[in-house]
Amino acid sequence: MKYLSLITLFVLGFSCKPTEQKAQLVDYVNPLIGTAAATTESAIEHGENKENNAQVVPYVTTPFGMTNWTPQTKDTEKKCLAPYYYTDSLFQGFRGSHWLSGSCVQDYGSMTIMPISGSLKWLPEDRASTFSHDSEKANPYAYEVYLNDYEIKAELTATKRSGLFKFTFEKEGEAHLVLNPNSDEGEGFVKINKETNEIVGYNPVHRIYQGWGESAGFSGYFVAQIERNFDKSGVYTGNELLENQLEIKDKKDIGAYVSFSAEKNEVVYVKIGTSFVSIEQARKNLEAETTSLNFNQAKENLQETWEGLLSKIEVEGTVKDDKVKFYTALYHSFLQPRTYNDVDGSYPSFAGGTQILNSGKGDYFSDYSMWDTYRASHPLFSILKPKASADMMQSLFSMAEQGGWLPIFPCWNSYTSAMIGDHAITTIADAYMKDLISITDEQYAFLLKNAFESPETIQEYKNGKGRRALASYLKHGYIPLEDKVLESFHKGEQVSRTLEYSFDDFALSQISKKKGDSKNAEILRKRALNYANVYSPADSTVKGKFADGSFTDNYKKYARMPYITEGTPYQYTWYVPHDIAGLMDIMGGENEFNANLDRFHAKGQYWHGNEPGHQIPFLYNYSGQAWKTQKLVSDIMRKEYSAEIGGLSGNDDAGQMSAWYVFAAMGFYPVSPSVPEYVISGPRFDKLTLSLESGNKLVINAPGASEGKIYIKSLTYNGKQMDKTFLSHFDLMNGGELNFEMSDVPNKEWGTAVNTRPFSLKNE
């Protein structure tokens, strides 16, 4: 009997299935997606060479981290060259980077560390090691790779302002750590402190666009603490090695090294703190964030941080790759803007860094790719991270207070006029209309100043303050072709500027109306109609216009024109986010609008790889044919995004391309930021659960969506039938349950009535 009982227990022990652990959402994220050239149909058809790469790098960082850590395969901070490309075969080190993710701007204030075994090599191209993607493991909280030439396993994790490194030297013998500021200008400083096993230094920041090449007034500072004694050390400049010299400054290609004799399989740990204020502040940041942490603890903490953020949207569906695309997009969406303040709140003042200021209880942010991110990125923050979003808006006002003007496209903590429009206004308006922030009279005055005034001196204007070509816009109601708009990186582009200023004026009118300033609200509402001034009825598109009111003959409907920004006249025609019903009128009515939009798509003019058209797929909701929006959005998600390395269509632009995907997967999109509503397209998962900062939950059910049921048959919100083709932001934030009945055939009756359509200024 005893024998039988033991057999029974043995069998039962092996037959019982272990409890299945819930998959970590962070494990769906693949930061390598987008690090190789895009292979989508649209990118190939429409993109120029620099637009065909998403320009993301596999960052290990916290959300909105000060310094983002990445493997480096490109040794430069030059414009449009990211630190890492998947197709490169040589690893140069780990970079503490301030590259604007997915952009075509510049890295700045960065530094790089590289472990080496054997003979000392120091310049990045000389010391670079081959590596295999088979040994490369990348996720948001850690990166590791095997350096073939040195037989070193190199690992990385991070905190908000610091990087932590683990180097395993498999070979016994001579070993080195090389560290260098990445200055292309022959500037910077590096110093070895033998007593504390530290290498410290800085890399001065320079501006591009406005003030190109000028000092930004501050540097990227770093303190590297090596948790091991070293036998030798020195510095270098170019090919000249200066053994035993402890510091070097303002020479070309400088850096420092330390050397030691490694035991077989010895592990060496390094921690690097960063700051934009000083070396001492970098040390304070490092101590505050890592003193009580070892490498594995920091790695676990960062994993938990990302898991906490990603779990704000839990998705359920049948296709794993869809989850990979979704959570990778969510990760990419939360990399910028950048935290600029130290742990004690210190940060360099905006537009010159002449003072050290303090952010108080909140964070101070910079690096806003504003022409891109006002569309979907910031609206996404308003849903998932409203408190951080409020700090971002306060940072914009702090910039205005310090520099005298609200910035247009603030990067490297400076004014730029990198792109067109005045979308800081729109971003602030969106937060204000959603009750994320209040606006004081003093802050409101800065918004009005951008819309109504130009700088008193040409030098201020050249420096990037104020709207470009505002005087022409105010005089004519559009920017005529005679105004070449020379004091801007993007010169000309008069029609696109007119359209975007019209939208910005509408967004500001929203603020004016809410604040009770009826006079300015009325003026700005009228200016919001200026889009019609550049519409050519004879061509059914927008078109360049002279000061005398005549249209130019220099016109090709399907080609890039000098008065259009990064696109064709046909593509920019649909940029009237605030008044689609008004656009419909000047096109000749609903039928002609739909026919024109059909022709646009049939001609293959929709280009998802760049931002100006991101609202276009949702416009059929405004014209009684919502099922076409549902089909278009589904097609774009399938064709323009993949789980492969080339799976992002065009520059990700600080996460805008990715934020578009996140919204589309949830089933709605913010077509007109500053209007607190979202245009419905239908979910692409069977179920989504949004856990909001307030504690409320929004559950979105759409059975069959992940298996190809893309059309909305019916919709209920908290049990009530819903025919509107848009969602209120406030309803969404209150939580509850959205139940989509999905189908594989379109319901051409849903959302057709005029009173079910999203906001248009005409219908106000």
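Student: Which residues of α4 are buried?
Tutor: In this predicted model, the buried residues of α4 are Ile-279, Gln-281, Ala-282, Arg-283, Asn-285, Leu-286, Glu-289 and Thr-290.

Student: And what covers them?
Tutor: The cover over the buried residues of α4 includes strands β9 (162–169), β11 (189–193), β12 (198–206), β13 (215–226), β18 (266–275) and β21 (346–348).

Student: How many residues does α4 have, and how far does the helix reach?
Tutor: Helix α4 has twelve residues, 279–290. From first C-alpha to last, α4 reaches 16 Å, close to the 16 Å expected at 1.5 Å a residue.

Student: Switching topic: where is Val-576?
Tutor: Val-576 sits in the loop between α16 (569–572) and α17 (580–586).

Student: Is Val-576 buried or exposed, and why?
Tutor: Val-576 counts as buried because its relative accessibility is 1%, and the cut-off for buried is under 20%.

Student: What is Val-576 in contact with?
Tutor: Tyr-531 and Leu-583, leaving aside neighbours within four places in sequence.

Student: How far apart are Val-576 and Ala-298 in space?
Tutor: They are 47 Å apart, C-alpha to C-alpha, and 278 residues apart in sequence.

Student: Last one, Ser-672. Where does that residue lie?
Tutor: Ser-672 is in the loop between β26 (668–669) and β27 (677–680). Ser-672 counts as buried, because its relative accessibility is 7%.

Student: What does Ser-672 touch?
Tutor: Not counting residues up to four places away in sequence, Ser-672 touches Phe-503, Phe-506, Pro-577 and His-578.

Note on methods. Residues numbered from 1 in each chain as written. Predicted model: local features only at pLDDT ≥ 70, side-chain atom pairs only at ≥ 80, totals over all residues. Heavy atoms only, no water. Helix = DSSP H or I, 4+ residues; strand = E, 2+ residues; numbered from the N terminus. Buried < 20%, exposed > 50% of the residue type's maximum accessible area, 1.4 Å probe, protein only. Contact = heavy atoms within 4.5 Å. Expected span 1.5 Å × (residues − 1).
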